[in-house]
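User: Please take a close look at one part of this model, the nonpolar core and the elements around it. I would like a single connected account.

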Amino acid sequence: MEFRSLLFEASEGVATLTVNRPKALNALNEATLKELQCCFAGIQDNQEIKVVILTGAGEKAFVAGADIAAMQAFDALAAREFARLGHAVFNLIENLPQPVIAAVNGFALGGGCELAMACDIRLAGENARFGQPEVNLGVIPGFGGTLRLARLVGKGRAKELILTGEMIDAREAHRIGLVNQVLPPGELLESAVKMAKKIASKGQVAVRLGKEAIDNGLEMDQDRAARYEAELFGLCFASADQKEGMAAFLEKRAAHFRGR
Ligand code: CAA
């Protein structure tokens, strides 16, 4: 598939995906969502790619939301289908075996905030702005905002953001736990690449199982989550990476992981 609103590059195990519709502040229309879906479907089967960075083209926006011009004439059925497509794409990103880092370089509003929340780690430029402004348009978040925002920042703060439609800056997003780090805009991508390379240098069996344990464990009660973690911990010991990691520690040398 040839991408029209997505840029893709990969080097040293790190893929960088850029939503590229800067004239519309990288708003997500159906075609862009389908390109994201196609690209992430390819990435999930690609063993060479260990970490993904997701960002937006231009200096102004990560993604300013679902495309309002495209949605304006939707009827109820078309809107539901559009939301289902968004959910399918964002679930694919959330469940990707590889970690995904959002490098939020500007507005992350509505579907853009929802896209960032489907990623594992969010790094924000000081100029980033977050919000779920759908209420200003007479709608509610449709790509997972009501579920992921409440899980990330708690029910009260999620309701405040979703019901007022107000934007918050990167510092406030950091304070409430919506983003992991705030960085000067000029250092954002570089920091994301540095973090991605650090993760890519680790044993990938452990990286993938660690992500899985957190995501699935959070949906379970504590006893089941503990049993699940013990199972995955056991699985690590069936890997060459565990043998190498522990041998390297005891032999006081750097580990050379092979991802199996
Ligand atoms: N959809 C379509 N086009 C958009 C867009 C969006 N979400 N956001 C911005 N654009 C377009 C603008 O229409 C404008 O296009 P033209 O140059 O052709 O007029 C261009 O991008 C630049 O935007 P502005 O001139 O508005 O730039 P600004 O600096 O004055 O304002 C902004 C920036 C505050 C982000 C403002 O553009 C804005 O409020 N955008 C909409 C944000 C929004 O409401 N997002 C939620 C969408 S609904 C949703 O996402 C539902 C869901 O959960 C699935």
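Analyst: A nonpolar core is here a set of buried Ala, Val, Leu, Ile, Met, Phe, Trp, Tyr and Cys residues joined through side-chain atoms within 4.5 Å. The model is a predicted one, and every value below is computed from it.

The largest nonpolar core holds 49 residues, and the members that touch the most others are Phe40, Phe130 and Leu178. Helix H3, residues 76–94, is the element that gives the most to this core, with six residues. In soluble globular proteins, nonpolar side chains tend to be buried together.

Leaving aside residues up to four places away in sequence, Phe130 touches Val104, Ala108, Leu109, Cys113, Ala124, Glu166, Met167, Ile168, Ala170, Ala173, Leu178 and Val179. Strand E8 spans residues 129–131 and pairs in the parallel sense with strand E6, residues 107–109, over three bridges. Within this pairing, Arg129 of E8 is the bridge partner of Phe107.

These two strands belong to an open sheet of four strands with mixed pairing, ordered E4-E6-E8-E9. Strands E4 (61–63) and E9 (168–169) stand at the edges with a single partner strand each, so one side of each has no neighbour in the sheet.

Helix H4, residues 111–118, lies across E4, E6 and E8 and runs at about 75° to E4. Eight of the eight residues of H4 are buried, so the helix is largely enclosed by the rest of the structure. They are Gly111, Gly112, Cys113, Glu114, Leu115, Ala116, Met117 and Ala118.

A polar backbone atom of Gly111 is 2.8 Å from an oxygen atom of the ligand, and one of Gly142 is 3.0 Å from an oxygen atom of the ligand. A nitrogen atom of the ligand is 2.9 Å from a polar backbone atom of Ile68.

The loop between E4 and helix H2 (68–71) contains Asp67. Asp67 has a relative accessibility of 10% and therefore counts as buried, the limit being under 20%. The side chain of Asp67 reaches the backbone nitrogen of Ala70 at 3.1 Å. Beyond residues up to four places away in sequence, Asp67 touches Arg21, Ala27, Leu28 and Asn29.

Conventions. Residues numbered from 1 in each chain as written. Predicted model: local features only at pLDDT ≥ 70, side-chain atom pairs only at ≥ 80, totals over all residues. Heavy atoms only, no water. Pairing = 2+ DSSP bridges. Contact = heavy atoms within 4.5 Å. Axes fitted to C-alpha atoms, helices over the stretch in contact; angles between N-to-C directions. Buried < 20%, exposed > 50% of the residue type's maximum accessible area, 1.4 Å probe, protein only. Polar contact = N/O pair within 3.5 Å; in protein donor to acceptor, adjacent residues only side chain to side chain.
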